[in-house]
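Here is a friendly note to read alongside the model. Keep the sequence and the 3D view open as you go through the points.

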Amino acid sequence: MEQDLQQGLFERQKQSLYRNRRQLSSPQGPEVEVDGKRLLRFCSNDYLGLANHPELAEAMITAVKRYGVGSGASHLVCGHTDEHHALEQELAAFTGRDRAVLFSTGYMANQGVITALLGKADYIFEDKLNHASLLDGGLLSGARFQRFLHNDLENLEGRLARAGDGRKLIAVDGVFSMDGDQAPLPGLAAMADKYDATLLVDDAHGLGVLGANGGGSIEAAGLSQHEVPLLMGTLGKAVGVFGAFVAGSDSFIDHLIQHARSYIYTTALPPAVAAAARASLKVQAEEGWRREHLAHLVSCFRAGVSDLGLPLMDSVSPIQPLMVGDSERAIALSQKLEELGFWITAIRPPTVATGSARLRITLSAAHSLDQVEQLLAALKKVVQ
């Protein structure tokens, strides 16, 4: 087996698909120290620049002094503290839903909600570009699994119309993590209503960023809990901490607490992490300028790239993918940018389809306009 694995790794290197971990020696921020070099970072999901915010750090330190560093058990044994409970209540209020339940990761949340709701007699319909956690959750559920063409409501409707009896779940990303575009949520909600299906939205990359109050893709689309019954959100991106949650009606959330295996059989998040997430929600409410500044940076960046004539994908989110195509060339461009002092990751198959390697450029509210202009100047040097 080990020889087979070594050969597979060698083949991956030959195809420019091998991935290396980079080692940071500094806190998260626009400028980081990685592998001994100081770089301007444009590849993080810390969209609001909160991962190193002093109020979040202080909240975590205070909670560690009170609760210690570990939760000790799963939520249903003895690991559910008042910090966890308060965070769930605040997340429900923040997203406009009856109730929320915490999961340790977004991957576990998506697997948990899908497998708790569906079985072999049921159906799940997923966008072709959904995150791996949604796809894996659909496969693990044993339900009849169908992938519809990306953001194609007509293709989805044809599949829904042919489905038989059984529960039907439509699962989509609110903002697609590698393309940065958004799901057509109003149309999906209408389709779910027409065919008696339930809509699940993974808003990992929209929460905190989109909507007048940072409520994400669903708030931006003006949809209610009735129209989008299930929302999954992560706490490790715009929130700046770690973990995830699912929000919905009392019945849905109570069902997950009783039946979601990835919730029941895992240790709860440390209480200090929950405390830091609560502090993040408070900062977001008080500092709406972060979303406004981020939106301004996105607009300026897109205008600058347009002036350069570069193949930027269609996105109004902080995810701004620059299409390259060839994996080897994507790596070469990433390395050239690093030589100029910029850290931007080359995204390659199997994360994206063959022939669609790209530079996944992400902006943060912690960036300045001057830093974005520096990036544009660097792109002009290396891409044209």
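**Notes on the salt bridges and the cores**

1. There are eleven salt bridges in the structure, a salt bridge being a side-chain nitrogen of Lys or Arg within 4 Å of a carboxyl oxygen of Asp or Glu. The model is predicted, so local features need pLDDT of at least 70 and side-chain atom pairs count only at pLDDT 80 or more, while totals for chains, interfaces and linings use all residues. Residues are numbered from 1 along each chain as its sequence is written, and side-chain values use heavy atoms, with hydrogens and water left out.

2. Look for Glu83 and Arg278, whose side chains form a salt bridge (3.0 Å, N to O). Glu83 sits in helix H4 and Arg278 in helix H12, so this pair ties together parts 195 residues apart in sequence. (Helices are DSSP runs of H or I with at least four residues, strands are runs of E with at least two, and both are numbered from the N terminus.)

3. Are the two partners buried or exposed? Glu83 is buried, with a relative accessible area of 12%, whereas Arg278 is partly exposed at 26%. Buried means under 20% relative accessible area, exposed over 50%, and partly exposed in between (1.4 Å probe, protein chains only).

4. Asp179 and Arg358 also form a salt bridge, with their closest N and O atoms 2.6 Å apart. Both Asp179 and Arg358 are buried.

5. Now find the largest nonpolar core, which has 58 residues; Phe42, Phe301 and Leu379 have the most contacts inside it. Such a core is a set of buried Ala, Val, Leu, Ile, Met, Phe, Trp, Tyr and Cys residues joined through side-chain atoms within 4.5 Å.
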